[in-house]
Amino acid sequence: MKELSRTASAVQISSTMAIDALAKQMKAEGVDVIGFGAGEPDFNTPAHIKTAADRAIAANLTRYTPASGTPELKEAVCQRMREDCGLDYKSSQVVVSTGAKHCVYLALRAVVNPGDEIILPAPYWVSYLEMIKMVGGQPVVVTAGEGARFKMTAEQLAAAITPKTKALILNNPGNPTGMVYGREELEAIARVCVEHDIYVISDEIYYGLLYDGARFVSAAALGEDMKERVILINGVSKSYAMTGWRIGWLLSNERIASVMSSYLSNSTGSPCTVSQAAAVAALTGPQDCVEEMRRAFEERRNYIVERMNGIGGVSCLKPEGAFYVMMNVEKLIGKTIHGSQIQTSKDFCTAFLKDGLVAAVPGEGFGAPGFVRWSYSTSMENIEKGMDRLAAFLKG
């Protein structure tokens with residue numbers, strides 16, 4: 001048979017999905033595994049959103065919509081971004097697609113030519129690296145360590161720029177670190193982006209989940225010069241517990257929006273019609289559900305950070321947003337735990353799943369060797385059990 005696509009064949013499976021699939025398989029086999037791998041809220045979609053979907057079905061809203069989303073949803077997006085982030089966009093600048101993940105891919109498709117360099121701060125979400133390769137781009141990884149609170153500086157960004165640089169991917173609040181770029185940090189980065197005329201693909205899907213009274217600042221809110229270069233990505237999956245509804249959107253200048261809309265019309269077509277109706281209800285309805293979930297995540301964050309830092313051999317920084325914490329396991333490298341030699345964070349996670357019955361994600365997939373990502377988007381009961389199991393596992 002003829003050779004398959006080299007680009008497609010080189011794509012690696014998401015490590016977060018791989019560990020989650022393994023944990024679910026063990027559960028199906030009757031093993032008492034606690035999963036901290038998946039990045040989705042454990043809450044149910046709020047009732048008023050599900051009711052809106054029921055009404056859409058009853059009204060037979062089950063046919064195609066415009067490829068880039070319904071006018072009602074586009075207007076709802078503009079309204080929510082205006083109220084939450086102080087951003088002024090027109091409906092013609094909104095492109096709706098099947099989840100924020102696909103929106104990242106679509107943004108890259110819109111701006112990247114083969115050989116273009118895309119700057120990617122590490123730690124990074126696992127799929128960014130693969131998507132850059134999928135569209136023919138060259139990832140330029142800029143590592144920000146724990147000492148820098150996992151945040152790239154403007155100086156690092158400037159040093160990484162070459163004549164081939166086309167764009168920067170910025171994830172704020174960050175997955176896997178939970179760290180948040182403040183206004184001054186963003187302004188410094190924006191100055192570099194404007195000076196060198198590079199696009200910024202700003203993934204802000206966790207913008208509703210900030211803690212300790214912090215206020216979110218969007219990259220698109222840093223002046224018109226920056227806004228023109230920003231392709232802003234957001235959606236309903238995290239703030240409204242709607243991961244399976246698959247609705248995300250992009251905001252950009254009209255030229256980029258037109259290119260992305262044309263691409264959609266010849267690839268996926270329109271997003272799910274019923275899901276779009278539900279998303280309108282999420283964005284225009286009561287927002288107390290978002291705050292309720294945010295408070296619960298903050299409580300869980302406080303607990304897991306305190307427990308984790310009280311267990312010998314591991315440590316973590318306190319996340320500022322999202323629902324992830326990066327556990328430092330560098331002190332365990334070279335040790336033997338329950339008969340398993342730990343040379344990498346992947347070795348640790350494999351042994352921890354087998355002998356500790358806890359699923360967490362190794363940092364190698366995030367460009368962060370020596371770390372393990374925990375998602376605290378699970379019940380407090382599971383978090384307590386997970387910390388107990390971690391303490392017991394490390395005792396050997």
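This briefing covers the pockets and the cavity of the structure. The model is predicted. The largest pocket has a volume of about 550 Å³, and the second largest pocket has about 470 Å³.

**Largest pocket**

- The lining consists of 25 residues, and Met 17, Gly 39, Lys 101, Trp 125 and Lys 238 lie nearest the centre of the pocket.
- Two or more lining residues come from each of helix 2 (15-28) and helix 5 (100-111).
- Helix 2 contributes the most to this lining, with 4 residues.
- By class, the lining of the largest pocket has 9 nonpolar, 8 polar and 8 charged residues.

**Second largest pocket**

- This pocket is lined by 22 residues, and those nearest its centre are Asp 84, Tyr 207, Gly 208, Arg 215 and Phe 216.
- At least two lining residues are supplied by each of helix 4 (71-85) and helix 12 (288-308).
- The lining of the second largest pocket divides into 11 nonpolar, 5 polar and 6 charged residues.

- Strand 3 (117-122) and strand 5 (165-171) each give at least two residues to the cavity lining.
- Strand 5 provides the largest share, 3 residues.
- The cavity lining has 15 nonpolar, 4 polar and 1 charged residues.

Technical notes
Residues are numbered from 1 along each chain as its sequence is written. This is a predicted model: local features need pLDDT of at least 70, side-chain atom pairs count only at pLDDT 80 or more; totals for chains, interfaces and linings use all residues. Side-chain values use heavy atoms; hydrogens and water are left out. On a 1 Å grid over the protein atoms alone, a cavity is a set of points where a 1.4 Å probe fits but cannot get out, and a pocket is an open set with protein on both sides within 12 Å along at least five of seven lines; lining residues have an atom within 4 Å of a point. Grid points are joined across faces, edges and corners, and a volume is the space filled by probe spheres set on the points. Ala, Val, Leu, Ile, Met, Phe, Trp, Tyr, Cys and Pro count as nonpolar, Asp, Glu, Lys and Arg as charged, and the others, Gly among them, as polar.
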